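Please read it beside the model.

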Amino acid sequence: MMLYKTYQSYCHRLQHDMYFLTSNSRLNEQVVDKIILQLNRVYPQILSNAEAEKFRNPKASLHTRLSDLIKHLQKKGDRHCQEFYRALQINADELYNDLPSRKILSPVFFLACFSVAAGFALFWYCCNSDTKVVGRARRILGFSPIIIGRHVRNICMLYLEDISRN
């Protein structure tokens, strides 16, 4: 899962998560205020006092303040977005774990699924009783030492030779 996330910037993730965070009152006033205060007090280079006051303004709606905060952090760069995620994790861990960007499956998962499907297809292809199929399969397996490990290839070749003799 981490392979995908290392290639995806925090700004891109925040753009992806913005609708989720601003919809259906997932974050309440207190949590948003805690996040803003953490970004201001712990990391004053991320949010200045004036910016923190702007995003804590009770006259504006929570949705507007949160949207403006996210857009502001995205303009400032990846490190600022990363600190927002850190503050969100500290102050709302359950919500942090439910973010859409954390639910994306990694390419390794898809590669594993593809490998299993390809293995089943090769097995089915090799187990077909048609002799032409066995001959073609033997040629394919004979020239695939890079794709298939040597030991696996030898086992498959022995199996194909047994099938062709019968």
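A salt bridge is a side-chain nitrogen of Lys or Arg within 4 Å of a carboxyl oxygen of Asp or Glu. By that rule, Asp-33 and Arg-56 form a salt bridge, with 3.6 Å between the closest N and O atoms. The pair joins distant parts of the chain, since Asp-33 is in helix α3 and Arg-56, 23 residues away, is in the loop between α4 and α5. The model is predicted, so local features need pLDDT of at least 70 and side-chain atom pairs count only at pLDDT 80 or more, while totals for chains, interfaces and linings use all residues. Residues are numbered from 1 along each chain as its sequence is written, and side-chain values use heavy atoms, with hydrogens and water left out.

**Fold and surface**

- The protein chain has 10 helices and 0 strands; helices (H or I, at least four residues) and strands (E, at least two) are DSSP runs, numbered from the N terminus.
- Along the sequence, the pattern is α-α-α-α-α-α-α-α-α-α.
- Of the 166 residues in the protein chain, 36% count as buried, where buried means under 20% relative accessible area, exposed over 50%, and partly exposed in between (1.4 Å probe, protein chains only).
- Among contacts in the protein chain with a separation of 6 or more, 63% come from residues 24 or more positions apart; contact means heavy atoms within 4.5 Å.

**Nonpolar core**

- A nonpolar core is a set of buried Ala, Val, Leu, Ile, Met, Phe, Trp, Tyr and Cys residues joined through side-chain atoms within 4.5 Å.
- The largest such core has 30 residues, and Leu-21, Leu-27, Leu-39, Phe-84 and Leu-88 touch the most other members.
- Two or more residues of this core come from each of α2 (10-22), α3 (29-41), α4 (49-55), α5 (62-76), α6 (78-91) and α7 (93-97).
- Apart from neighbours within four places in sequence, Leu-21 is in contact with Leu-14, Arg-26, Leu-27, Leu-66, Ile-70, Phe-84, Leu-88, Leu-95 and Leu-99.

**Salt bridges**

- The structure holds 6 salt bridges.
- Arg-56, at 28% relative accessibility, counts as partly exposed.
- Glu-83 has a salt bridge with Arg-79 at 2.5 Å, N to O, and another with Arg-86 at 3.1 Å.
- In helix α6, Arg-79 and Glu-83 are 4 residues apart, about one turn of the helix; Arg-86 and Glu-83 are 3 residues apart, also about one helical turn.
- Glu-83 is buried at 2% relative accessible area, whereas Arg-79 is partly exposed at 43% and Arg-86 is partly exposed at 35%.
- Glu-29, Asp-33, Arg-56 and Arg-65 belong to one network of salt bridges that share partners.

- Asp-17 lies in helix α2.
- Asp-17 is buried and has no salt bridge; Arg-13, the nearest side chain of opposite charge, is 4.9 Å away (Lys and Arg count as positive, Asp and Glu as negative; His and the chain ends are not counted).
- Not counting residues up to four places away in sequence, Asp-17 touches Tyr-85, Leu-99, Pro-100 and Ser-101.
- Pro-100 sits in the loop between α7 and α8 (107-127) and is partly exposed at 24% relative accessibility.
- With residues up to four places away in sequence left out, Pro-100 touches His-16, Asp-17 and Phe-20.
- The C-alpha atoms of Pro-100 and Arg-13 are 8.7 Å apart, although 87 residues separate the two along the chain.

**Aromatic pairs**

- The structure holds 3 aromatic pairs; rings of Phe, Tyr and Trp (its six-membered ring) pair if their centres lie within 6.5 Å, and planes under 30 degrees apart count as stacked, over 60 as edge-to-face and the rest as tilted.
- Phe-84 and Tyr-85 are an edge-to-face pair because their ring planes stand at 70 degrees, with the centres 6.2 Å apart.
- Tyr-85 also forms an edge-to-face pair with Tyr-96, at 6.4 Å centre to centre and 70 degrees between the planes.
- This second pair links distant parts of the chain, Tyr-85 being in helix α6 and Tyr-96 in helix α7, 11 residues apart.
- Phe-84 and Tyr-85 are buried, and Tyr-96 is buried as well.
- Tyr-10, Phe-84, Tyr-85 and Tyr-96 make up one aromatic cluster.
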